[in-house]
Amino acid sequence: MNVAGGADDGGGCAVPGGSAGIDEPDGAGGSDEPDGAGGSDVLVVWNSDEADAVGVNNESGGAGVAAGAAVGSAVDPLPMVAPPQAATTQSGTSATRRRIGMVNSVAEHRGDRAGFCSWYAAARVVSVSIMSELFNPSVHPHRRRNPLTGDWVVVSPQRTKRPWQGQTDDSVGDVTPSYDPDCYLCPGNERAGGVKNPVYDPTFVFENDFAALLPGSPSPANDADDELFESDTADGSCRVICFSPRHDLTLAKMSADEIAVVVDLWQQQQGELIEQWEWVQLFETRGAISGASNPHPHGQIWSSNFLPNEAQSEIAAQAQYLSRRGTSMLVDYAAREAAAGERTIAINDHWIAVVPYWAYWPFETIVLPRRPVSSIIDLTADESEGLGDVLRTMLGAFDRLFNTSFPYCSGWHSAPRSGADGFQLHAHYYPPLLRSADVAKIPASYEWLANMQRDLTPETAAANLRDVL
Ligand SMILES: [Zn+2]
Ligand SMILES: [Zn+2]
């Protein structure tokens, strides 16, 4: 960009001969006519270099500007690029006013009313381009909406000016033994209460010895008119599922075929429990920093007679999307992400794993089937194998990112027992790590009090993970 006077600096004089004679209209779209006189030299600058510089001819590539930045729309239910936000609009408006002032001044100076209108219209068209160019999702703060929950996330990429400083922690090397005599999940070992595990292979499921939900729990007395002290029954069951007899064999270290065995177990458990409970929550908590009590590769299943909060939000959002558009939200989303590619970590014929556009956690990931599937129990054998492939790729990248056994909270969302229109199976992965094996993101005061916020963009996070595939 080579604009005389540096018109984009927001404070410099853009007009040869000085800016004193250039008035700014009261508003970017105002009808005020400036009364100043500008130098005719400005006209030359505006028509050639300037028009090119703001991307009118679209050849400059708009350094750093994401393709489609101008097409973000408030009515798009799955916007991939947020519309220009306040900070951008302000700086754009300032530059735009100055330019409109120049153009108006020139036309007025000529005494040509028709010419003035023509120039003014042109200036307004260009001003839109200027603002579009100015918004860069990898540079400017903006908000992104999670269509599954309706929540917004503030993205502040300008706070990551420093180069990528991902640190590795070699001290967290592979020191985990394949068998631990003190592990209550290893084959043959004793659990709480003296129960002994069988010598299982390859997987093992048992009722949680410290269950958070219990079947047949009595209902609390409830006054339907009391809005301040409301309670309800929490009836359910909790199971533990061991993914492998080997104490050290995490999903990330398994082959695709070994992961597919775990997928089969998830399917079998979901199918069995959904017969009895409204919601079945398969999940895995990995790593002490995430709250896992044991490194042995295992997950849990909490089933309940009620729809948890996240389930309620996601069920409602997907049903509303289906009724508005006649298609599945997450099938549409998977197709859009597959086409875009910039947030993709792993993809095959059946699955795609992406850092979602609306991610809150730095390396948050969503794993999606590419055809409509409402529950994990509906996966075909090919899809189970394909899932093993995508998870192996994705989890391997997680581990290599900081050279550590990557911690996360993760789980599957399948349709509830009573069904849900437009519901699409998917898995969420919420890793807490920010920039090293032992530096986690912790929600700060602004986030508890106002709005979730992140610095690293989802696009950069996905690129970092692709770098270590
Ligand atoms: Zn163990
Ligand atoms: Zn979900």
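**Close-up views of a predicted chain**

**View 1. Helix α9 and its buried face.** Pro458, Ala461, Ala462 and Leu465 are the buried residues of α9, where buried denotes 20 or more other C-beta atoms within 10 Å of a residue's own, with C-beta atoms placed from the backbone. Seen down the axis of α9, these residues fall within an arc of 95 degrees, so they line one face of the helix; the arc is that of the directions from the helix axis to the C-beta atoms. They pack against β7 (344-347), β8 (351-354) and α7. Helices (H or I, at least four residues) and strands (E, at least two) are DSSP runs numbered from the N terminus. The model is predicted: local features need pLDDT of at least 70, side-chain atom pairs count only at pLDDT 80 or more, and totals for chains, interfaces and linings use all residues. Residues are numbered from 1 along each chain as its sequence is written, while chains are lettered from A and ligands numbered from 1 in the order in which they are written.

**View 2. Surroundings of Ala461.** Ala461 lies in helix α9 (residues 458-467) and is buried because 22 other C-beta atoms lie within 10 Å. Leaving aside neighbours within four places in sequence, Ala461 is in contact with Val355, Pro362, Phe363 and Leu456; a contact requires C-beta atoms, placed from the backbone, within 7 Å. Between Ala461 and Glu342, the C-alpha to C-alpha distance is 9.8 Å, although 119 residues separate the two in sequence.

**View 3. The largest nonpolar core.** This core has 76 residues, and those with the most contacts inside it are Leu251, Ile345, Ala353, Val390 and Met394. Helix α7 (residues 381-401) gives the most to this core, with eight residues. A nonpolar core is a set of buried Ala, Val, Leu, Ile, Met, Phe, Trp, Tyr and Cys residues joined through C-beta atoms within 7 Å. Beyond its neighbours within four places in sequence, Ile345 has contacts that include Ala353, Thr365, Met394, Ala462 and Arg466.

**View 4. Helix α5 and its packing partners.** Helix α5 (residues 309-325) has 17 residues and reaches 24 Å from its first C-alpha to its last. That span is close to the 24 Å expected at 1.5 Å a residue, the expected span being 1.5 Å times one less than the number of residues. Ala311, Glu314, Ile315, Ala317, Gln318 and Tyr321 are buried in α5. The buried residues of α5 pack against β5 (279-286), α6 (329-340) and β10 (408-413). Gly326, with a positive phi near 80 degrees, follows α5.

How values were computed: Buried ≥ 20, exposed ≤ 12 C-beta atoms within 10 Å, placed from the backbone. Contact = placed C-beta atoms within 7 Å.
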